[in-house]
Amino acid sequence: MSQNHIISISTIFNMWLKWILASGALAIVVILSLVIPKIWLPFVVYGISYGLVLTLRSDNARKALKACGLVVKLASETLFWTATVMLAINLMAAEWFFGNMLEDPIFNPAQPYITSLILFPVVIAMSAYALFAGQNLTYCRNCRRTHGYYSGDGLVATLFYHESKFQIRLLLAGAILISVISWTYYLVRYVNINFNSADIFIFHGIPVIFFILSTVYMSARYRSIAASLGRIGVSDTRSSTLTRVRFLVLNGDHVYLRSDNNGLFDTPATETVSRTESLTPEQARKCFAKLSGLDDFELKYIYSNDGFAGGSNIIHYAAFIPDNNIGLLAPADPMTLDGLDRLIKASMISPLLANEIYRIYTVTMAWKTYDREGRRLYPIRHYRPTFRLRDLREWAVDYNDIHWLNIATNNQDCAFYRLRRLWRRLFSSLRRTS
């Protein structure tokens with residue numbers, strides 16, 4: 001069985017748990033809005049939102065990703081913005097805040113807002129954006145940076161991608177249905193004096209019913225998927241015992257590529273070995289010498305990726321060869337950085353190779369342009385230093401350090417840099433004290 005078709009059945013169960021966590025958090029907020037005063041509810045919702053963030057960070061702290069947490073991330077952000085809207089309404093309704101901006105005769109200070117009328121339109125907006133952005137979402141990019149997988153690169157990555165999108169589509173469909181019903185009832189029948197049984201059913205009962213029915217449906221769906229995988233003999237008996245070793249073969253400013261079985265260009269030097277977190281320099285040299293038949297070369301360790309769902313991990317090296325001699329790796333053709341960029345834009349590069357090039361380029365440029373706080377090293381806005389493949393062996397930067405990937409997207413040349421840095425520090429301190 002190919003290692004790209006190895007998956008743990010427990011991964012399916014974990015995807016179901018992610019749905020329970022995300023949709024359950026939304027349902028809990030709706031239920032709590034019945035008993036918690038509206039003035040305090042936003043702060044409770046902020047707490048639930050941060051609790052979801054902590055669960056994702058807990059997952060990331062474990063070496064192997066057990067299931068895609070995109071729907072949980074979406075629920076966390078939805079609750080954050082919902083709480084923000086609630087808080088804004090509370091402030092506008094406060095006498096001490098600009099003298100009560102909500103003085104309409106139909107406005108009831110005891111019931112300044114109805115949670116469902118805010119929550120599910122926010123769900124619609126966030127879900128629609130997530131579906132539109134696809135794999136360009138920051139959460140997805142960070143996941144690829146850490147684990148090195150793209151949709152299509154094996155069964156696990158493809159399952160995670162498609163199931164996370166299915167979960168978001170289901171969440172979007174439910175939010176649209178609930179929003180249409182609740183807003184129609186609010187505009188046509190609701191009287192803002194107190195809550196009767198019909199109001200409770202529309203604004204609170206229907207969202208809870210959706211959560212229960214969706215849980216049952218997703219349970220049946222994932223049981224069916226697990227059974228199908230079981231029938232075709234998919235298991236995780238080998239994946240956790242394997243390590244994939246990849247070598248970028250470089251000569252000067254050229255990288256050698258060869259077409260793989262899928263018609264995509266990839267490095268010609270890959271090997272699968274028994275599970276290990278690292279190779280000694282001697283082991284790495286023996287591995288590449290076996291693949292290439294060469295004795296004269298130089299290796300540099302680049303970085304490592306943890307596997308999906310307890311699967312095989314990946315160790316990345318760069319192999320510098322002299323005189324355009326690639327030995328047993330032929331046929332492989334040299335490609336310049338510009339040519340490689342054209343292949344990536346044309347989607348003719350394997351996902352793993354594209355991820356390697358992206359990571360090396362992004363980390364290098366961030367390291368050469370900014371300090372670890374994201375401040376420019378040179379007093380020139382948007383200055384971009386040179387990037388040459390031949391210099392890779394000399395660059396003294398840790399490509400395993402995810403911090404540089406964060407600096408690449410949050411630095412002094414980005415909008416709201418100081419505000420985002422303050423926000424990140426705030427949440428980091430909250431995490432340490434929790």
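I looked up D401 and found it buried, at 19% relative accessibility. The cut-off for buried is under 20%. I am working from a predicted model.

Next I checked the partner of D401. R372 forms a salt bridge with D401, with the closest N and O atoms 2.8 Å apart. Both residues lie in the loop between helix 10 and helix 11, so the pair ties together parts that are 29 residues apart in sequence. R372 is partly exposed, at 42%.

I then looked at R376 and D413. Their side chains meet in a salt bridge at 2.6 Å, N to O. R376 sits in the loop between helix 10 and helix 11 and D413 in the loop between helix 11 and helix 12, so this pair ties together parts that are 37 residues apart in sequence. D413 is buried at 8%, while R376 is partly exposed at 25%.

I also noted a pair within helix 9: D341 and K345, four residues apart, about one turn of the helix. Their closest N and O atoms are 3.2 Å apart. K345 is exposed at 66%; D341 is partly exposed at 34%.

My search of the whole structure gave twelve salt bridges. R246, D266 and E356 are linked in a network.

R246 took me to strand 1. Ten of its ten residues are buried, so strand 1 is largely enclosed by the rest of the structure. R246 points one way along with L248, among others, and F247 the other way.

I listed the pairings of strand 1. Strand 6 runs parallel to it over eight bridges. Strand 4 pairs antiparallel over six bridges, and strand 2 antiparallel over two.

Methods
Residues are numbered from 1 along each chain as its sequence is written. This is a predicted model: local features need pLDDT of at least 70, side-chain atom pairs count only at pLDDT 80 or more; totals for chains, interfaces and linings use all residues. Side-chain values use heavy atoms; hydrogens and water are left out. Buried means under 20% relative accessible area, exposed over 50%, partly exposed in between (1.4 Å probe, protein chains only). Two strands pair if DSSP finds at least two bridges between them. A salt bridge is a side-chain nitrogen of Lys or Arg within 4 Å of a carboxyl oxygen of Asp or Glu.
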